[in-house]
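This report describes a predicted model. The sections below take up the contact between the chains, then each chain, and then the core.

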Amino acid sequence: MRRSLPFLIIAGVLVLAIGAGVLLYRYRMEPEQPTTVSTPVPQTTATIPEPTATIASEPSVAPPATTTPAGSTAGPVFTYGRPGAEPMHLRGEPGAPVVLEEFGDFECLPCSLLWPILEKLERDYGKRLVVVFREHPLKMHRYSRDAARAAEAAGLQGKFWEMHDTLYRNRAAWVTAAYIRPYLNDYAAELQLDVDRFKADIDGEEVSKRLAADWDRGESLAIDRTPVVFVNGVKLAPTEREEPGLRAAIDKALAAKTSSP
Amino acid sequence: MNEPNSARTTTPRGRLRSRLYAVAAMVALLGLADGIYLTIEHITGRTAECIASSGCQDVLSSKYAAIGHLPLAAVGAFAYFTVFSAALLAAFGYRKCGPFFAFVVTIMFGMTLWLLYLQAFVLHAFCDYCLFSAGVTAVLTAMAVATTMLRDRS
């Protein structure tokens, strides 16, 4: 009995460990009430701005390109890091003195916590702030690439930000789903996208190129987590990612802008 | 598997060593629980909230939190289970399990130092659960050293 006792204990602990893991998993995966997408309330829609937007006299953000492809979104041109996807996704006034660039992952919880804060800041700062979103879906997440592809596919129909908001708003539902695609298709339908085109685009080459370009920019800036936020080219520390820290960074950037000749 | 050696556990040093192994097995269970919790949080797309510090989200959503699609916490949980098994068998007098316990703990200690370096100097953020795991590994390392010293002197 003594000889087999340790093996019995080990087997018991193994069973307990697996059982505890399964229980915790099931508890965490309990389906939540599916939230339907109400009419999205865009704060400032990512409309196609005029290519005359300028971010002048900022050391790290150069004036924008004066020529952009037809139908593209002109915005600030970043002089740090490799270029990301063009046209970039921006929300707010393209010529705003403060450019907040976020590298985000829709499955990442901290990113979803940052989302309402940024919305609030966009409302509060109005034309003084423009927010740029870069896709940085981390490989460790199960659905982050699908979600990023969905946002980009929606973007091809001019509704990137609506899908962006929908994904964050409903994150708790799709992140624990057995299959994400039905959720994404539902969101596309609720956003009144051309669902057939959305289904084709989501696996399409254009979306792949955009994701690769944003990822490449992230790599050039040594992005090793999400979210990462830059304010006028200054990378914020994780501790500055809460609302007070973000406000301080934006205010500082505004002050630098107004004090510069 | 080597046979248990009851003669070695009847000397005072042998008994002390056996007790240390038994305690080490229990300590490893704490690390196992921590690893299982973080693994489930990871695969369900959640990020554990810190209790004492504020960096859990940064650490657990960083690219260092997984090897490919395999959560690092799952590797940790497996390592703790291995340590638990080795320590328990060593406590029951299985001689070769003692050195194996020390070997695995040494690797874990090295890994822990690397992860602490990442948190301190790369991510600039600390995670409670990771620090707890580091503490558990440190205790296990101390026990591995103690049991090795007891064996050398006996």
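## Interface between the chains

In this predicted model, 30 residues of chain A are in contact with 28 residues of chain B. On the chain A side, helix H1 (5-28) and helix H2 (109-125) each supply at least two residues that touch chain B. The largest share of that side comes from H1(A), with 12 residues.

By residue class, the side of chain A that touches chain B divides into 19 nonpolar, 4 polar and 7 charged residues.

## Chain A

Chain A has 261 residues, and buried residues make up 43% of them. Its secondary structure comes to 9 helices and 7 strands.

Among the contacts in chain A between residues at least 6 apart in sequence, 70% join residues at least 24 apart.

## Chain B

Chain B has 154 residues, of which 51% count as buried. Its secondary structure comes to 5 helices and 2 strands, and the elements follow the pattern α-α-β-β-α-α-α along the sequence.

For contacts in chain B with a separation of 6 or more, residues 24 or more positions apart account for 75%.

## The largest nonpolar core

In soluble globular proteins, nonpolar side chains tend to be buried together. In the present model, the largest nonpolar core has 109 residues. The residues with the most contacts inside this core are Ala28(B), Val83(B), Phe84(B), Ala87(B) and Phe101(B). Helix H3 (residues 72-91) of chain B contributes the largest share of the core, 14 residues.

Phe101(B) touches Val83(B), Ala86(B), Ala87(B), Ala90(B) and Ala144(B), when residues up to four places away in sequence are not counted. Two of the residues it touches, Val83(B) and Ala87(B), are themselves listed among those with the most contacts inside the core.

## Helix H3 of chain B

Of the 20 residues of H3(B), 16 are buried, so this helix is largely enclosed by the rest of the structure. The length of H3(B) can be checked against its residue count: at 1.5 Å a residue, its 20 residues should span 28 Å, and the end C-alpha atoms are 28 Å apart, which agrees.

H3(B) is followed by Gly93(B), which has a positive phi, near 95 degrees.

Terms used:
Residues are numbered from 1 along each chain as its sequence is written. Chains are lettered from A and ligands numbered from 1 in the order in which they are written. This is a predicted model: local features need pLDDT of at least 70, side-chain atom pairs count only at pLDDT 80 or more; totals for chains, interfaces and linings use all residues. A nonpolar core is a set of buried Ala, Val, Leu, Ile, Met, Phe, Trp, Tyr and Cys residues joined through C-beta atoms within 7 Å. A residue is buried if 20 or more other C-beta atoms lie within 10 Å of its own, exposed if 12 or fewer, and partly exposed in between; C-beta atoms are placed from the backbone. Helices (H or I, at least four residues) and strands (E, at least two) are DSSP runs, numbered from the N terminus. Two residues are in contact if their C-beta atoms, placed from the backbone, lie within 7 Å. Ala, Val, Leu, Ile, Met, Phe, Trp, Tyr, Cys and Pro count as nonpolar, Asp, Glu, Lys and Arg as charged, and the others, Gly among them, as polar. The expected span of a helix is 1.5 Å times one less than its number of residues.
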